Amino acid sequence: MPALLALSKTIDRINEFIGRHVAWLIFLAVIVSAGNAIIRKVFNVSSNSWLELQWYLFGGAFMLAAAYTLLQNEHIRIDIVYGAFSRRVQHWIDLLGHIFFLMPFVILMIFYFIPYVRLSYNSGEVSSSAGGLILWPAKLILLVGFLLLGIQGVSEIIKKIAVMRGDMPDPNPPMSLEELADQEVAAIAEARND
């Protein structure tokens with residue numbers, strides 16, 4: 001188990017780094033959007049490539065942050081049902097969900113995206129919009145996003161098994177609403193002090 005936990009820690013570090021830095025894509029998308037709007041209104045000039053670049057940047061942020069969101073345990077779940085169970089049952093729900101739902105879906109998406117990206121790259125596929133961008137980078141972002149989500153899924157499975165075996169503390173211990181609120185206030189205060 002120590003070797004698997006070391007692998008999990010490495011995966012977590014990679015996705016932590018990517019997740020924290022991919023937020024800049026949103027900033028760039030806002031700059032491109034604002035610049036495009038200003039140029040369109042002031043000079044009456046527009047280009048589909050600028051609009052598509054916005055989509056690429058936003059899509060990149062969304063797909064590349066999916067693994068980070070899983071790492072932070074922020075994916076949506078039905079907390080009303082999930083919260084009614086003991087922590088042990090919640091661990092089993094998470095583990096079985098990762099193994100039987102997340103991983104098969106991710107593997108299927110990777111399986112289909114590899115030839116999809118390769119075909120787009122080899123053919124030099126370009127957007128059907130006049131003045132549009134080449135498409136393979138956007139498709140590659142989808143593939144990379146699912147690859148990152150897949151390796152993070154492996155990390156989460158390793159950690160969940162380790163927690164259930166007692167080999168590591170629970171990285172996401174259950175908290176009351178008051179404890180969650182206190183934690184958020186502390187995080188906001190710490191962010192303001194930095």
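Q: Which residues do ring pairs link into a cluster?

A: Keep in mind that this is a predicted model. The cluster is made of Phe105, Phe113, Tyr116 and Phe146, joined by ring pairs.

Q: How do I read a ring pair in the first place?

A: A pair of aromatic rings is described by two things, the distance of the centres and the angle of the planes. In this model the count comes to six aromatic pairs. Take Trp24 and Phe27: their centres are 5.7 Å apart with 90° between the planes, which makes the pair edge-to-face.

Q: Why are Trp24 and Phe27 separated by about one helical turn?

A: Because they are three residues apart in helix α2 (residues 23-43). As for the surface, Trp24 counts as exposed because its relative accessibility is 54%, and the cut-off for that is over 50%. Phe27 has a relative accessible area of 44%, so it is partly exposed.

Q: What about the pair of Phe105 and Phe146, how are those planes set?

A: Their planes are at 70° and the ring centres are 5.8 Å apart, so this pair is edge-to-face. Here the pair links distant parts of the chain: Phe105 belongs to helix α6 (residues 87-123) and Phe146 to helix α7 (residues 136-165), 41 residues apart.

Q: Is Phe146 buried or exposed?

A: Buried, because its relative accessible area is 9% and the limit is under 20%.

Q: Which charged end sits over the ring of Tyr116?

A: That of Lys139, 4.0 Å from the ring centre. Tyr116 is also one of the residues in the ring cluster we began with.

Q: Last one: how do I set a database annotation beside the model?

A: Take the annotated range and look at the chain there. The unreviewed UniProt entry places "transmembrane region" at residues 21-43, 55-71, 92-114 and 134-155. Over residues 21-43 the model has 96% helix and 0% strand, with the end C-alpha atoms 33 Å apart. For residues 92-114 the values are 100% helix and 0% strand, with 32 Å between the end C-alpha atoms.

Notes: Residues numbered from 1 in each chain as written. Predicted model: local features only at pLDDT ≥ 70, side-chain atom pairs only at ≥ 80, totals over all residues. Heavy atoms only, no water. UniProt positions renumbered as here; feature names shortened; annotations may be inferred. Helix = DSSP H or I, 4+ residues; strand = E, 2+ residues; numbered from the N terminus. Phe/Tyr/Trp six-rings, centres within 6.5 Å; stacked < 30°, edge-to-face > 60°. Buried < 20%, exposed > 50% of the residue type's maximum accessible area, 1.4 Å probe, protein only. Lys NZ or Arg CZ within 6 Å of the ring centre and 35° of its normal.
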